[in-house]
Amino acid sequence: MAATVLVVEDEPNIGELLRTYLQRDGHQVIWVRRGEDALVELRRHPIKLVLLDIRLPGIDGFEVCRRIGGNVPVIMLTARDEEADRVAGLEMGADDYVTKPFSPREVMARVKAVLRRAAAGPPAEDVSRVGPVTVARGAREVHVDGQKVPLTQREFDLLEYLVRRAGRVVTRDELLESVWGFVSPGETRTVEVHVAQLRKKLGHPDLIETVRGLGYKVAEVR
Ligand code: CA
């Protein structure tokens, strides 16, 4: 599944590494070192995915992400132990993040998962309702109490997955494998961070229940 991928990274060895691996997987790579240049390239090329460093000279990765505005999937590249950065990145609409130093194989697995979801396109219209929440798969829209709630691609996929399985517990590893496309999940707080964001955006914190030691559950409401 070859695509044009924009890498925004000012550290030469990391940029080089990403470019090498992406090209090896058959992708066309545009690599820029500044946020301003990223915005120019996004207007010029049909970019399918952005790998975005946060700490950049000039405008930073958060601002670039905000300006992309959910139009193109974004994977943030964050420094180790900067939980605040990851949360802020997800709030700005990033779909995922990887922590430096990262394994290129892990990054490529996430790239593949994001591109696969994007290429799958919208499924046939199919609407689920759980309590005040309506999930329209074809339109990829979520309404709460009749109001549209803007979600990132990942948040939508996560909610859709849970709603489709309403009434049963879904484990964190299952979510990582099915929603994120991870092969061997290991230690990551991605699921927790996304669930917290989703609860906040939906305005009904009880909708997604935490089942201690097991995972999450959306209660079945008819
Ligand atoms: Ca940097």
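This is a predicted model: local features need pLDDT of at least 70, side-chain atom pairs count only at pLDDT 80 or more; totals for chains, interfaces and linings use all residues.
Student: How many bridges join strand E7 to strand E8?
Tutor: Four bridges join E7 (residues 133-136) to E8 (residues 141-144), and the two run antiparallel. Valine 133 stands opposite valine 144 in E8. Two strands count as paired if DSSP finds at least two bridges between them. Strands (E, at least two residues) and helices (H or I, at least four) are DSSP runs, numbered from the N terminus.

Student: OK. What is the order of the four strands in that open sheet?
Tutor: The order is E6-E7-E8-E9, with antiparallel pairing. Strand E6 (127-130) and strand E9 (147-149) are the edges, each pairing on one side only. From one strand to the next, the twist averages 25 degrees.

Student: Which strands does helix H6 lie across?
Tutor: H6 (residues 153-164) lies across E6, E7 and E8. It runs at about 110 degrees to E7. Axes here are lines fitted to C-alpha atoms, for helices over the stretch in contact, and angles run from 0 to 180 degrees between N-to-C directions. Contact means heavy atoms within 4.5 Å.

Student: Switching to the five-stranded sheet. Parallel or antiparallel?
Tutor: The pairing is parallel, and this open sheet has the order E2-E1-E3-E4-E5. Strand E2 (28-32) and strand E5 (96-100) are at the edges with a single partner strand each, so one side of each has no neighbour in the sheet. The twist averages 20 degrees from one strand to the next.

Student: How many bridges between E4 and E5?
Tutor: Five, for E4 (residues 74-79) with E5. Threonine 78 stands opposite threonine 99 in E5.

Student: And what pairs with E1 over five bridges?
Tutor: E2 does, in the parallel sense. The bridge partner of valine 5 there is valine 29.

Student: Is E1 enclosed or open? How many of its residues are buried?
Tutor: Five of the five are buried, so E1 is largely enclosed by the rest of the structure. Buried means under 20% relative accessible area, exposed over 50%, and partly exposed in between (1.4 Å probe, protein chains only). Thr4, Leu6 and Val8 point one way, while Val5 and Val7 point the other.

Student: Isoleucine 30, then: buried or exposed?
Tutor: Buried, at 12% relative accessibility. Isoleucine 30 lies in strand E2. Beyond its neighbours within four places in sequence, isoleucine 30 is in contact with Thr4, Val5, Leu6, Val7, Glu41, His45 and Ile47. The C-alpha atoms of isoleucine 30 and isoleucine 47 are 9.0 Å apart, across 17 residues of sequence.

Student: What are the protein donors of the calcium ion?
Tutor: Asp10 (OD), Asp53 (OD) and Arg55 (O), at 2.2 to 2.3 Å. Donors are N, O and S atoms within 2.8 Å of the metal (3.2 Å for Na, K and Ca); water is not among the atoms, so sites may look incomplete. The sequence spacing of the donor residues is D-x42-D-x1-R. Aspartate 10 is in the loop between strand E1 (4-8) and helix H1 (12-24), and arginine 55 in the loop between strand E3 (49-53) and helix H3 (61-68), 45 residues apart.

Student: How accessible is aspartate 10? And arginine 55?
Tutor: Aspartate 10 is partly exposed at 29% relative accessibility. Arginine 55 is partly exposed too, at 47%.

Student: Last topic, domains. What does the assignment give?
Tutor: Domain 1 (4-119) and domain 2 (127-218). Such bounds come from an automatic or database domain assignment. Their C-alpha centres lie 23 Å apart. At the interface, 15 residues of domain 1 are in contact with 16 of domain 2.

Student: What area is buried between domain 1 and domain 2?
Tutor: About 1300 Å², with 45% from carbon and sulfur atoms. Leu90, Asp95 and Arg117 supply 37% of the area that domain 1 buries against domain 2, more than any other three residues. Buried area is the accessible area (1.4 Å probe) that two parts lose on being put together, summed over both.

Terms used: Residues are numbered from 1 along each chain as its sequence is written. Side-chain values use heavy atoms; hydrogens and water are left out.
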